[in-house]
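My notes follow in the order in which I took them.

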Amino acid sequence: MSMLETLLGTFQTGSGFWNPIVWIIVAALVFLITYILRGFGNKKYKKGTEQVKSFLSGNPEYEKEKMHVKGSNLFWGFTESLKWIFDILHKMHTGNISDYVLWFVIVMAVLFLLVGLM
Amino acid sequence: MIFNIPFIAVTALVLIGLYTVIFRRNLIKMVIGITIIQSGVNLFLITLGYRENSVAPIFTSLPPGTIVPEGMSFPVPQALTLTSIVIGVAVLALMLSLIIHIYRHYGTLDAREIGGNEE
Amino acid sequence: MNIIDFLLQHSPALIVAIPLLGAFLTPLISRINNKARNIFVILILGLTTSIVFLLANDVFAGNIHTYVFGSQDLALPIVRILFEVDAMSAFMAIIGSILALVAVIYSWAFIKENTGLDKFYTLILLTTAGMFGMVLTGDMFNLFVFLEITSIASCALIAFWTNKGKSVEAGFKYIVISSIGALFLLFAIALLYGQYNALNIATLANAIQFSFLDKIALVLLIAAFAMKAGIVPMHMWLPDAYSKAPASVTIVLVGATQASLYGVFRVCFTLYGNTINLSPASIGWIIVLLGLITMLLGVAMALIQSDFKRLIAFSAVAEIGFIFLGIGAGLTVLGNAEMMAAIGIPAMSGGVFHIMNDALDIGLLFLVAGAIYYATRETSLDKLGGLARNMKYTTVFFIIGLFAVSGIPPMNGFASKLLIYESTFQLNPILSIVAILSSIMLLAVFVKVFHSVFLGPSLPKFKEVKEVPKSMLIAMGIIASIIIVFGLFPELIINNIVEPAVSALVNYGDYIREVIPTFTGGI
């Protein structure tokens, strides 16, 4: 029992425990239960009829290339609502090498002020 | 006061070099600016090794009447400066050969047009 | 004495000399055969890795190894170059050797179609030798020389695909930034030499007082090393350089960036360690503030990218912010003994452990990006999709990398990030709130990548995409297995490898006492 206690006592943060081996055992148990529950589903369906087509609220389904959500369209709501931050950041990264050295000189000047006033 | 002139020259060289790298658009001028900063730092290194009224630190060819070793200047900063000059030459050669490739691809040497890339 | 003792005694010199010798022999051996050259390079790096492990085994037990090039008589000043290996140096050397070995195994198949391969392998060996020299040396000017060797060799590697204009431009930006940083570093070294007539780190740390010129030198050193490590707002060369280089070059470049990060900590803890009561906690708070800005800006920029490797490069910038946060929090409480034990040691353990985790995780993600590029010749997220059907192993490796980067339990990223969250929360709650927020946004960024590259319907233009060759899979598998092992048994790694490194940084007196036995003071 003491070995189990030492195993469980590692990584104790004071508000629960986060031992990775225990976490993996719990995750495997959850997967097993999910797989068993999935096996209770209905296995009979007719191929080739309307039962296997995807339902898009009555909209027509285009070919596969147009239906894939592209990478830059994900998280559109987040980036659009915070557009003012992302525009400032995007303008900051100009690709011009003089600006890179200018940022270095600015940071050096700020550090001089901070360390000099100390 | 006259012995402070090398240090004032070092500060002036570094500031002129930084100005050239930040505010000039031609890539070759940026490389010249980096060379000016290199010259400034090398001058600073070698000024540190000077003693007043001293001779070169070579034991076999001293002028008569030199006190050994207080009459000789320090040899270590001279070795450091030589190393730094050699590194500077290698970096300069690498930068210029990269500029030749960039000119063949883009046809221009303007830093703002080359740098305007994707997001 | 037998061969093991001989190797152990000469190991600091051998670790730098063997890759250097291999680098100069590679063009000769490549005249025989391509396969002979690949096997030769892998043998050289395997030999170096085994000597690094041998040395690290002895150093973590508590001995500091020194190696003198020059006069042994310690009474004479500057007539020698001293290599001094303590636990932090051995830690960084282990990271560098693993990354270089994996890069060369990966390059067997990745870079095979290109010409000029003998120069490629020569430059990889030179970069590795420079990186080892940077972390093993105990002399400031030697640090500058090895930093220049590493940046010149890495610049040529970044511009390797000279038929594309973008790679050459990225290499040019890298060498300009490196050169300016190194010149200001040399300026600071000259300032310190002019005051104290010493170039050895231990001798300088013994003699240093916090005068006005020393303050200027400290600011120049921190700014130059931080620029080479990729701290915001001086980080902008990092996405260009990492994304335009071949994938195996990027993983070696990650190692070189971590070596510059090591330079910041060596300066702050060991070189200026004796003046820590004259310069109060402000330097620590400056480093913590830089770490916070780096985390937030790296993650915010990563969210709006549409190029695969550029996105991973911005998340690499965010991970460097975590390391600065952890170790800066430890630097803040360095003079205070009981706060150090409660806050400082866990925070620094998290930060130092995160150096290794960051190198492994970001390395694995870049290798996956390189595998996708090798299979499909596409790097834009808008044009990829549905690749999980064709490349199953690569998908599994990407999932492991995704969990590791965002700090999810069975992987190693969780262990180091939990230590940083817990300890910085006691220092100031806002720090750990920002850290957790940026971890969550990293998860969001990589779920975006996972969906747009691997999930989705199978596109017709990728119908005949096959799995990548075996050598690339073996390289990715090595790193993935190390990630899983570190994640399952973190307390083994922390007790045996990270704790000696942290105590080597905190107890700077041991470092100085190797060279000057009469040094009193130190924690």
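I started at D99(A), which sits in helix α6 of chain A. The model is predicted, so I looked at confidence there too. Helix α6 of chain A, residues 97-116, has the highest confidence in chain A, at 91. The lowest is in helix α1 of chain A, residues 2-9, with a mean of 53. Over chain A as a whole the pLDDT averages 79, and 83% of the residues score at least 70.

Is D99(A) exposed, partly exposed or buried? I found 18 C-beta neighbours inside 10 Å, so D99(A) counts as partly exposed. Burial would take 20 or more. I also checked D99(A) against L82(A), 17 residues apart along the chain. Their C-alpha atoms are separated by 25 Å.

**Chain C against chain A**

Next I took the contact between chains C and A. On the chain C side 42 residues take part, and they touch 35 residues of chain A. I listed the elements of chain C that give two or more residues to this side: α6 (165-196), α8 (212-229), α11 (282-303), α15 (412-427), α16 (429-454) and α17 (470-488). By class, the chain C side has 27 nonpolar, 9 polar and 6 charged residues.

**Helix α15(C)**

I picked α15(C) from that list, as it gives two or more residues to the side touching chain A.

How many of the 16 residues of α15(C) are buried? I count 12, so the helix is mostly covered. Among them are N412(C), G413(C), F414(C), Y421(C) and L427(C). The buried residues pack against six helices of chain C, namely α12 (308-332), α13 (337-376), α14 (392-406), α16, α17 and α18 (490-506).

**Helix α13(C)**

One of those packing partners is α13(C), and I followed it next. α13(C) has 40 residues and reaches 56 Å from its first C-alpha to its last. At 1.5 Å a residue, 58 Å is expected, and the reach is close to that. I did find a kink in α13(C): about 40 degrees, at G344(C), shortly before the proline P346(C). Like α15(C), α13(C) is mostly covered, with 29 of its 40 residues buried. After α13(C) comes R377(C), where phi is positive, near 60 degrees.

**Chain B**

I turned to chain B last. Chain B holds 4 helices and 0 strands, in the order α-α-α-α from the N terminus. Is it compact or spread out? The radius of gyration is 20 Å, well over the 14 Å that the globule rule gives for 119 residues, so chain B is more spread out than a compact globule. Its C-alpha atoms fill a box of roughly 65 × 30 × 20 Å along the principal axes. Of the 119 residues, 27% count as buried. Among contacts in chain B with a separation of 6 or more, 54% join residues 24 or more positions apart.

Technical notes
Residues numbered from 1 in each chain as written. Chains lettered and ligands numbered in written order. Predicted model: local features only at pLDDT ≥ 70, side-chain atom pairs only at ≥ 80, totals over all residues. Contact = placed C-beta atoms within 7 Å. Nonpolar A, V, L, I, M, F, W, Y, C, P; charged D, E, K, R; others polar. Rg over C-alpha atoms; globule rule 2.2 N^0.38 Å. pLDDT = per-residue confidence, 0-100. Expected span 1.5 Å × (residues − 1). Bend = angle between axes of the 7 residues up to and from the residue.
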